[in-house]
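Hello,

Here is the structure I promised to pass on.

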Amino acid sequence: MQITININGIDKTITCQPHESLMRVLRREGYFSVRYGSETGETGAGAILLDGRLVASDVLLAAQAAGHRIETVEGLSEGVKLHPIQEAFMRTGAIQSGYATPAMVLAAKALLAMNPNPTEAEVRDAISGILDRETGYAKPVQAVFEAAAILRGEEPTRIEPKVMTPITLPLGGDEGWGESDWGGRSDPTPEFPGGGGGDVLTLRKALPKFVVAPEAQQLQVVGKSEIKVDALKLAKGNPAFVDDFEMRGMLHAKLLTSPHAHARILDIDDSAARALPGVHAVIHYKNIERVRYASGGQSYPNPKPWDQVSFDNKVRHVGDRVAAVAAETPEIAAEAIKRIAVTYEVLPAVFDENEAITGHAPVIHDEPDMADAYDAQRNISHFIHAAVGDVETGFAQADRIFEHTYRVHQVQQVPIEPHICIGYWDADERLVLRSSTQVPFHARRMVAPLLGLPVKRIRVIKPRIGGGFGAKQEMLIEDIVGHLVIASGKPVKLELNREEEFISSRTRHPQTITYKTGVNRDGRLVAMKMRVIGNTGAYATHGLTVQTVTGMRGLSTYNCPNKEFECWVAYTNIPVPGAYRGYGAPQALFALESHMEEIAAALGRDAVEFKRQNWVKVGDPLDIAPQLGEGEAEVGAAPTVLTSGLSECIAQGMQAIDWQRRYDPDWIAPPDRLHIRRGIGMAVCMHGSAIPGLDMGAASIKINDDGSFNLLVGATDLGTGSDTVLSQIAAEVLGVPLEDIVIYSSDTDFTPFDTGAYASSTTYISGTAVKKAAEELRQQIKQRAGLMLGLSDWADVVLRDRQAQAPDGRAVTLAAIALHSLHQDHQRQLMATASYVSPDSPPPFAGQFAEIEMDIQTGQVTVKKLAMAVDCGVAINPITASGQVEGGMTQALGYAHCEEMVYDESGRMLNAQIGPYKIYRADEMPELDVTLVQTLEPTGPFGAKAVAEIPKDGVAPAIASAIYNASGLRLRQIPFTPERVWRALHEMR
Amino acid sequence: MKPPSFKYHAPRSVEEAAGLLAEHGYDAKLLAGGQSLIPTMNFRLAQPAVLIDLNRIPELAYIHPAGDGGVRIGAMSRHVQVEKSDLIAQAAPLIHETMPLIAHPQIRNRGTFGGSIAHADPASELPAALLTLGGRVQARGAKGARWIEADEFFLGLFTTALQPDELLAEVRFPALPARAGFAAREVARRHGDYALVGVMALVGLDAGGACNLARLTYFSVGDGPTPAPQAAAALIGQRPTSEALAAAAELAASADIPEPVADIHATAAFRRHLIKALGKQALQQAFIRAGGAA
């Protein structure tokens, strides 16, 4: 049929089918800002304006839009001039991955057109249909307020970072910030004035001792809330994501996944599918070579067991791969899938990690070529053991012994952009994979043997991606796309639909965690044993390392002379757990922090003081770390904590949450609201910065004719802002503004290697690589300046303000230096490459706080406020750092409170859609409060530590602590659903 | 996944739509706001041969006062229009308070009042409100129009008394009596989310302060909006004491809805408990609003 739609002010006549959605037609017409999120319109990424009102274009037929007026973000900016809403989103840090930014901008536009001066509730309602897994909505709300003020012709109230007075005394603080630590470094001027943005940013007026880089006092770019380097294209909705790439003749791939949790495939008959016109390839176990691998995106050699093949004659969970097709349209592909006849022999299944390892459960990996599992017959992929001292001796010496068991459940990362990959043969007949991945270099190396291609014939490109959170630290679908390109000879696109994203990608590991702890009469820990059964589902992709991190994090926060970690990693028939932001730590810290509070309560001690007595302080060794490292690397001696702002974090967090209320009975049980109880809780968090001795990042940097620089990094920006942070580091070293750094990242042909975006490594590891490369280039530039100025000694030349300045006052511009070196004299390309791998993983520390209200009649818990004070070292970009904290806390809130993968007894997930899975929306959020407590980490670039994962760690135990404060109820299982809370209250009475 | 192909009609009048329905009957699906139908078509759970789009029938979108002081809502009125209507705020305040609870702007901008009633989703608020307020709906087809009372309209899971050749044209709410009070309460995993159990209450008091009107309707507990007639009957003639309300709510759980549904969000036992707890809270608030503090 032919329809005419007015799109962004222009009447367009379009040919479409009656069944086609408006989204599909708009994208076909080149409006790439309208993006897929699900089949139901529930993510909001596909929202557009229809006659000025926000509607979901994915649940609207194109035919219905005929004769109507449509607006997309493409119509908002005029040439280079952005709409004030777009500018506000850029300036406030409201854009992380930017995948759903166009929809949010349109929602704001519709609101402000009708209501120029909205309340916060109205703003939150207006954007409540657009899910954001990244920002926690704090900055988008701020962006709408700023834009509203500008559109009203007012000067917007920009929320500037607020400098807080340190609360803990600089002298004699228990962090080991003793006199010598602080000596002579109480500079009253804030080093990091920051830009607009974070609600509250604490900028310490004095830095702890340790060696301060000479340039730390004159920082121009680092420490500033610079606008993200990719913000412009994301605000405009430019085609920047995998799906925004079109090729003539591209085929659409579709997966056939298992309806059974555990079954043998006796036969596959694909003849009816192949006979369908428009089908170009059908692949499955009978026509794809059996090559074993492990899909986790990790360094070489990937941890054993390698328990996967591209297609097996067995399925091990509902959603497991059975076959894939490539066809000319999505409809033909879907029809072809239906025509594949599969004969299954259904086998008994096991889902619970404790049942799986009894020896009486069905054997999940019984294939003859299975190797390297700890005990495949008992479904144990790994047994992990680590010990310091001797716990039994410790228990014998202890005055009191406590033992508690906790259970953490399965959740999914839910990136709004699902996994998607486009593959094609390029002109040189090399396979190009344009993939939404966190690990382009690992993916290239890992996919090569599966496809039978050498690494040199594969190029992996990561464009902008719409969130990853660990789900994309995998070589998940690249092999399928590669096989289909090889089989069909044509370009192929595979995008998981929302249900597949839930059940056929990756999730968080459920665990059963038991702590047994011995305590002395004076409150010191003397022995701590942690026993974990981890559930790695059908495959062990990250099974070893997530559980290792659980042990590492679960036994590192508190000093104790005798520690032991015992862990069994169980195969089961649930969809596969893998990497998810936090990576084993949120599980461990829910158990650890709850356990510590239970001990404190039993001892009659204040929980915070009991924790403070035992938590690690500056100078303390992280003694179990050497045994719980990752990969093959030998870490050697126990690392030592060099910086910790933990005491200050706790003090700031208590102030932010108004901690004293928790001791007031009238506040806890308000006399006028009989069924309401209120509470405040806290948790201590400690994380790592990268995997020591293993994570490696590299950077190349070269000068251009105009004195600008190309920065090439393998590091992978998921929307986190790492491209921006790395550019800021380069700009700082080279004395140029951020705009002079042109960054290109994550392309295996053009950028140096990087392990990828995971383990809180990018700022710390890749940032140091960038700094080293920039410093080396700086030497070359200084030398060239010396040559041009006739200096005998160029060591004291300084790069500043796009110039090389000699001590005698003369200067040459970087542009002149570039032209001189490229064209005029002793020509050479000034460029440098550096890599970095760290022996250290300095821990960021934090205090996380929650205020809740609970209805003791219904069991409903409402989280009113989350506060986090975090020591992430120096924040290279305070606005992106605080955005990481807000977004991380919000995901953690879902984990603690409402998100849950629910199954029927046959292992079929019952809520594999956005709606019933329950992700926090903008209008349901508690208040978020972020404080950055900055320490100067001597091993990090410009003093930085990691920040991306630690916000995930403490929300669940802080809420558990608040529930305990409110009601005396101790919940040892998450999430805190109304029914779970009600049942526990019932049992307690 | 995209919906399979079908024949698409966009009639311009109710008469034209009724003619198409008469012609295609069981093969046809009516497309109102599409917020439920199009997702099910995207999943291929619904595969109609003919789709009749009601969005181009202007005569179905209106909000008018009814002669009796009540209100008439054209089936294709968008949620947002009902939400913002002054007439609704004044004549049907329970509806006015319910509208902001419905999802988020994309759905409220596109979803229709009649569509939500006709879809008869057991978790949705509007069918329960229709029952509680004692409203009725007008069905129209090629053979003419007929009125269906709310308590005869909802027949089961996503099932109503509408015939395959009928469309829902209007929803009508009567005026609230004097000294009436209403309330809605729900519990969700998170504040603002779909209800695990929800309840709506409408009560009235006579001059002596005794209850002369009581309706209690639950949602998310069964196959559709679920009234609690025995609980309501027990209140008639009573003064709204705390004990009387507790007894009524107890009756709702034990006699009216002894076997609420169990699903992934809540067990039957928990729902039974919530029927009691929320029923009492809703009645309490309704009686306070009616002027007889409980």
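**What I found**

In helix α26 of chain A (residues 978–988), the buried residues are Pro978(A), Glu979(A), Val981(A), Trp982(A), Ala984(A) and Leu985(A). Please keep in mind that this is a predicted model. The cover over those buried residues of α26(A) comes from both chains: it includes β29 (845–855), β30 (861–871) and α25 (955–967) of chain A, along with β11 and α12 of chain B.

Trp982(A) and Phe270(B) are both buried.

A second pair belongs to chain B. The ring centres of Phe113(B) and Phe173(B) are 6.0 Å apart and the planes stand at 85 degrees, so this pair is edge-to-face. It links distant parts of the chain, with Phe113(B) in helix α7 (residues 113–119) and Phe173(B) in strand β10 (residues 166–173) of chain B, 60 residues apart. Both Phe113(B) and Phe173(B) are buried. Back in chain A, an aromatic cluster is formed by Tyr374(A), Phe383(A) and Trp568(A).

**The sheet in chain B**

Strand β11(B), part of the cover mentioned above, belongs to an open, antiparallel sheet of four strands in the order β11-β12-β13-β14 (chain B). Its edge strands are β11 (180–187) and β14 (226–227), each of which pairs on one side only. Between β11(B) and its antiparallel partner β12 (residues 197–205) of chain B there are eight bridges; Ala180(B), for instance, stands opposite Gly204(B) in β12(B).

Which strands does helix α8 (residues 125–133) of chain B touch as it packs on the sheet? They are β11, β12, β13 (211–219) and β14 of chain B, and the direction of α8(B) makes about 160 degrees with that of β13(B). Helix α12 (residues 268–290) of chain B lies across β11, β12 and β13 of chain B, running at about 150 degrees to β11(B).

**Elsewhere in chain A**

Strand β6 (residues 251–257) of chain A has five of its seven residues buried, so the rest of the structure largely encloses it. Two bridges connect β6(A) to the parallel strand β17 (residues 492–495) of chain A, where Lys493(A) is the bridge partner of His252(A). Six bridges connect β6(A) to the antiparallel strand β10 (residues 321–327) of chain A, where Ala324(A) stands opposite Leu255(A).

The axes of helices α21 (residues 762–789) and α22 (residues 814–824) of chain A come within 10 Å and cross at roughly 85 degrees, so α21(A) and α22(A) are roughly perpendicular to each other. In their contact, Ile781(A), Arg784(A), Ala785(A), Leu787(A) and Met788(A) of α21(A) meet Leu814(A), Ala816(A), Ile817(A), His820(A) and Ser821(A) of α22(A). By class, that makes seven nonpolar, two polar and one charged residues.

Finally, Ser961(A) is found in helix α25 of chain A. Ser961(A) is buried, with a relative accessible area of 0%. Apart from neighbours within four places in sequence, Ser961(A) is in contact with Glu597(A), Arg662(A), Ile680(A), Gly681(A), Met682(A) and Arg970(A).

Best wishes

Key
Residues are numbered from 1 along each chain as its sequence is written. Chains are lettered from A and ligands numbered from 1 in the order in which they are written. This is a predicted model: local features need pLDDT of at least 70, side-chain atom pairs count only at pLDDT 80 or more; totals for chains, interfaces and linings use all residues. Side-chain values use heavy atoms; hydrogens and water are left out. Two strands pair if DSSP finds at least two bridges between them. Contact means heavy atoms within 4.5 Å. Axes are lines fitted to C-alpha atoms, for helices over the stretch in contact, and angles run from 0 to 180 degrees between N-to-C directions. Angles under 35 degrees count as roughly parallel, over 145 as roughly antiparallel, 65 to 115 as roughly perpendicular and the rest as oblique. Ala, Val, Leu, Ile, Met, Phe, Trp, Tyr, Cys and Pro count as nonpolar, Asp, Glu, Lys and Arg as charged, and the others, Gly among them, as polar. Buried means under 20% relative accessible area, exposed over 50%, partly exposed in between (1.4 Å probe, protein chains only). Rings of Phe, Tyr and Trp (its six-membered ring) pair if their centres lie within 6.5 Å; planes under 30 degrees apart count as stacked, over 60 as edge-to-face and the rest as tilted.
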